[in-house]
Amino acid sequence: MHARAYAGAATTARNLANLNEGSQIRESHRSAEKDTRVQDAYSLRCTPQVHGAVRDSLAQAREIAAVELNSARINPLVFVRDANNGDIITAEISTGNR
């Protein structure tokens with residue numbers, strides 16, 4: 001996973017490695033003498049890519065939601081510099097209907 005630049009996949013790979021620490025599955029794949037199979041189960045090998053993509057998508061959605069929820073949308077806009085100073089800005093919004 002170090003060769004891939006996806007944060008979600010890296011996080012998932014670390015979590016999967018921690019979950020498999022000391023497991024029989026992990027130990028059975030340490031040498032060909034213990035188990036002649038070359039690869040781990042497909043589901044284990046694909047988990048970081050699949051779950052990682054979901055993690056990255058959710059992170060992006062959270063980021064966009066945070067920006068939108070903290071963005072100016074409607075009057076008035078209140079800018080506070082300190083406890084005694086600030087600005088309140090109000091503007092008329094034209095909808096095109098008169």
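**Close-up views of a predicted model**

The protein exposes about 8,500 Å², and carbon and sulfur atoms supply 55% of that area (accessible areas come from the Shrake-Rupley method with a 1.4 Å probe, and for residues only the protein chains shown count as cover). This is a predicted model, so local features need pLDDT of at least 70, side-chain atom pairs count only at pLDDT 80 or more, and totals for chains, interfaces and linings use all residues. Residues are numbered from 1 along each chain as its sequence is written, and side-chain values use heavy atoms, with hydrogens and water left out.

View 1. Going from the N terminus, the elements run α-α-α-β-β. Helices (H or I, at least four residues) and strands (E, at least two) are DSSP runs, numbered from the N terminus. Of the 98 residues, 12% count as buried; buried here is under 20% relative accessible area, exposed is over 50%, and partly exposed lies in between (1.4 Å probe, protein chains only). Take the contacts (heavy atoms within 4.5 Å) between residues at least 6 apart in sequence: 40% of them join residues at least 24 apart.

**View 2. Helix α1 covers residues 7–20.** The expected span is 1.5 Å times one less than the number of residues in the helix. Gly 8, Ala 9, Thr 12, Ala 13, Leu 16 and Asn 20 are the buried residues in α1. Looking down the axis of α1, these buried residues fall within an arc of 130 degrees, so they line one face of the helix. That arc is taken from the directions from the helix axis to the C-beta atoms. Over on the other side of α1, Ala 7, Arg 14 and Asn 18 are exposed. After α1 comes Gly 22, with a positive phi near 75 degrees.

**View 3. Thr 47 sits in helix α3 (residues 42–69).** Why does Thr 47 count as buried? Its relative accessibility is 18%. Setting aside neighbours within four places in sequence, Thr 47 is in contact with Thr 12, Leu 16 and Gly 52. Thr 12 and Leu 16 are among the buried residues of α1.

**View 4. Strands β1 (residues 77–82) and β2 (residues 85–89) pair up antiparallel.** Five bridges hold the count for this pairing; two strands pair if DSSP finds at least two bridges between them. Val 78 stands opposite Ile 88 in β2. A hairpin of two residues joins β1 to β2.
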